[in-house]
Amino acid sequence: MGKNKQDDHNGNYLIISLIFSIVGLLVLFGSVSNVRYLIVTKNYLSTPGRVISFDIQRHSLNLPGRGTTFSRTPLIVYEYSVNDKVYRSQKILATSSLGAPVKSYLPAEIVRVYFNPNNPMDAFLEFPPSNFQIIYLGLILIGFIFLGVGITTVIVYKKRKHQFE
């Protein structure tokens, strides 16, 4: 027996379900991780710091059939002190992942450093504005919608399959 149109149609349901489910899970995972990080860092304290060096590393990626894409990664080294101990870090909060530009810094510039009061070595620059939490919560909702569409597609597929048997 060969494949008929119904088999092809059923296969399409599974492919659509898989795509929506994977996208939903990826969006959920990324958004929940970011919201969790924002909640954890909510109690961080701030202190003045000083930029030691700043550079932007440029990357290019050649995609067959799509051309070349470019990205920029800021490399910043800064130091700050907590309880008379000097720390040095390179960590920035990746606000650019949602399209916000990463600020440019000058050597010796005074910056605001956010640090964990229980572990001052855990610090970062560029605390995101409070509306980022709303954006992440919106992304969580979108993730649930995509996941819901994926699961619903499987349920519809199974019901239709039982109708034709």
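Where is the place of Thr47? Thr47 sits in strand E1.

## Basis

This is a predicted model: local features need pLDDT of at least 70, side-chain atom pairs count only at pLDDT 80 or more, and totals for chains, interfaces and linings use all residues. Residues are numbered from 1 along each chain as its sequence is written, and side-chain values use heavy atoms, with hydrogens and water left out.

## The sheet

Five strands form an open sheet, ordered E3-E2-E1-E4-E5, with antiparallel pairing. Strand E3 (85-89) and strand E5 (119-124) stand at the edges; each has a single partner strand, so one side of each lacks a neighbour in the sheet. Neighbouring strands are turned by 40 degrees against each other on average, direction ignored.

Strands are DSSP runs of at least two residues (E), numbered from the N terminus. Two strands pair if DSSP finds at least two bridges between them. Axes are lines fitted to C-alpha atoms.

E1 and strand E4 (residues 110-116) run antiparallel, joined by six bridges. Gly49 has Val111 as its bridge partner in E4.

Thr47 counts as buried, at 12% relative accessibility (buried is under 20% relative accessible area, exposed over 50%, partly exposed in between; 1.4 Å probe, protein chains only). Beyond its neighbours within four places in sequence, Thr47 is in contact (heavy atoms within 4.5 Å) with Tyr80, Ser81, Val82, Val111, Arg112, Val113 and Phe115.

Ser53 also lies in strand E1 (residues 45-63). Ser53 is partly exposed, with a relative accessible area of 32%. Leaving aside neighbours within four places in sequence, Ser53 contacts Leu75, Ile76 and Val77. The C-alpha atoms of Ser53 and Ile76 are separated by 5.7 Å, and the two residues are 23 residues apart along the chain.

Technical notes. Helix = DSSP H or I, 4+ residues; strand = E, 2+ residues; numbered from the N terminus. Axes fitted to C-alpha atoms, helices over the stretch in contact; angles between N-to-C directions.
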